[in-house]
Amino acid sequence: MGGSVKRLAVLGSTGSIGQQTLDVVRSFPDRFQVIGLAGGRNTELLVRQIEEFQPRLVSVSDGRLLGTGYKTSSLEELASHPEIDLVVIAISGMAGLSPTMAAIRAGKDIALATKEVLVAAGEIVTAEAKRCHAQILPIDSEPSAIWQCLHGEDRKIAKLILTASGGPFRHLSSHELKAVTPQQALEHPTWRMGKKVTIDSATLMNKGFEVIETHWLFDVPLEDIEIVIHPQSIVHSMVEFVDGSVKAQLSIPDMRLPIQYTLFYPERPLSKLPRLDFAKIDSLTFEVPNLEKFPCLKLALEAGRKGGTYPAVLSAADEVAVELFLEGHIGFLDIARVVEEALEQHQGISNPSLEEVLAADAWARERVRR
Ligand SMILES: NC(=O)c1ccc[n+]([C@@H]2O[C@H](COP(=O)([O-])OP(=O)(O)OC[C@H]3O[C@@H](n4cnc5c(N)ncnc54)[C@H](OP(=O)(O)O)[C@@H]3O)[C@@H](O)[C@H]2O)c1
């Protein structure tokens, strides 16, 4: 096939995005070399990945978990290693921020799945990337769709339109939502993902995060980013241009496609991924989201508009609230309630430093746990 070999670090390799990234690598063994792998607590899978990909560097959240046969590095060492060309950030939650900053400061290009990084510290991360000439390339399917639609355009954007599946509870009443169990919330209708992002999709917090993520990635004002519910998850997002023309990116819902697009960028590879069959698509439908029924989305949009440290509080409060819900300590609708309380009690700081963002994050976690 030809082409140069890209040297990768995959952070969060044992997760849903991490494993699908390695699937793409497996399909193109002559185009990618895995130099670093980082996992959290699933060491059994990490060991299998190490045996298969033979990375030079390995990181795990607790080094003792791997046993004594392996030398481990920190996430930051791994993300900034001189032999790496592209760092895939697929660690769930704020744990992705520090290695992202380390990679950027080492001038590495980032393939970013972890949206919480841009939600909490978008201004700081994007400014640092500009200063260090590091590119932030999205993996998330909606920003990837926007990115693909903007190719060849000179940015005469009227608005960006993010699609959302609407999650599994689109048709439930507020009363029914109260009784939703973690088991039910983990059954996403169209995507197979890690637990945190699956719950965020059910509350629609995920879509609010994506609005903030998209704002930082494409430097488009928040008020020019619209959300439409599209339950089939075929249209991954759209761009409306100033002349009224709309471009959309479509594919079957399979994260390997946006992952592959990012790993290969700027090339589009010939791929064996499954294709859309229009003869089998009954209909593509679009509707407006219900902000009253899904208050997490409303909270995210408000926090995004307020800016400063509010999005960091939103993200941290949500991360802990989702953990509490999954552990059975709070109900589904309590996720929005505790996030709202944290946002109400927070004394926001405008133009925060990284330290102030981290302090706001720590404050919100502590507040919600209490
Ligand atoms: N899944 C999707 O389709 C999708 C789509 C778009 C965006 N995203 C975003 O991508 C990110 C990852 O999502 P996911 O679905 O892949 O999540 P996931 O399946 O829960 O995987 C998370 C990964 O992060 C690792 N990890 C967690 N905490 C860590 C820590 N403190 N230190 C080191 N590693 C840690 C986990 O390790 P262990 O499992 O070994 O503990 C795992 O490898 C999220 O921010 C999500 O919003 C996901």
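This is a predicted model: local features need pLDDT of at least 70, side-chain atom pairs count only at pLDDT 80 or more; totals for chains, interfaces and linings use all residues.

Entry 1: the ligand. From which domains does the shell around the ligand draw at least three residues each? I checked, and they are domain 1 (6-139) and domain 2 (142-253 + 275-292).

Next I asked which residues come nearest to the ligand. Of the 29 residues around the ligand, the nearest are Gly15, Gly40, Asn42, Met193 and Gly194. Then I looked at which elements give two or more residues to this shell, and I got α1 (16-27), β2 (32-39), α5 and α9 (195-203). Sorting the shell by class, I found 10 nonpolar, 13 polar and six charged residues.

Entry 2: the sheet. I traced an open sheet of six strands, and reading across I wrote down the order β3-β2-β1-β4-β5-β6. The pairing is parallel. A reminder to myself: strands of a sheet pair through backbone hydrogen bonds, either parallel or antiparallel. Which strands sit at the edges? They are β3 (57-60) and β6 (136-138), and each of them pairs on one side only.

I zoomed in on one pair. Strand β1 (residues 6-11) runs parallel to β2, and six bridges join the two. Leu11 has Ala38 of β2 standing opposite. Helix α2 (residues 43-53) packs on the sheet, where α2 touches β2 and β3. The direction of α2 makes about 160° with that of β2.

Entry 3: α4 and α5. How do these two helices lie against each other, parallel or antiparallel? The axes of α4 (residues 97-105) and α5 (residues 115-131) come within 11 Å and cross at roughly 10°. Angles under 35 degrees count as roughly parallel, so α4 is roughly parallel to α5. On the α4 side, the contact is made by Leu97, Thr100, Met101, Ile104 and Arg105. On the α5 side I listed Val117, Ala120, Ala121, Val125, Glu128 and Ala129. By class, this contact of α4 with α5 has eight nonpolar, one polar and two charged residues.

Entry 4: α12 and α13. I wanted another helix pair to set beside that one. α12 (residues 295-306) and α13 (residues 310-326) pack at an angle of about 150°, and their axes are 7 Å apart. Angles over 145 degrees count as roughly antiparallel, and therefore that is how I filed α12 and α13. Leu299, Ala300, Ala303, Gly304 and Lys306 of α12 meet Tyr310, Pro311 and Leu314 of α13. The tally for this contact of α12 with α13 is six nonpolar, one polar and one charged.

Entry 5: the domains. The domain assignment gives domain 1 (6-139), domain 2 (142-253 + 275-292) and domain 3 (307-370). I looked up domain 2 and domain 3 together: their C-alpha centres lie 23 Å apart. The contact takes 12 residues from domain 2 and 12 residues from domain 3.

Which elements supply at least two residues each to the side of domain 2 that touches domain 3? I found α7 (174-178), α8 (182-185), α9 and α10 (205-218). Of these, α9 gives the most, with five residues. That side of domain 2 has seven nonpolar, one polar and four charged residues.

Notes:
Residues are numbered from 1 along each chain as its sequence is written. Axes are lines fitted to C-alpha atoms, for helices over the stretch in contact, and angles run from 0 to 180 degrees between N-to-C directions. Helices (H or I, at least four residues) and strands (E, at least two) are DSSP runs, numbered from the N terminus. Angles under 35 degrees count as roughly parallel, over 145 as roughly antiparallel, 65 to 115 as roughly perpendicular and the rest as oblique. Two residues are in contact if their C-beta atoms, placed from the backbone, lie within 7 Å. Ala, Val, Leu, Ile, Met, Phe, Trp, Tyr, Cys and Pro count as nonpolar, Asp, Glu, Lys and Arg as charged, and the others, Gly among them, as polar. A residue is near a molecule or strand if its C-beta atom, placed from the backbone, lies within 6 Å of it. Domain bounds come from an automatic or database domain assignment. Two strands pair if DSSP finds at least two bridges between them.
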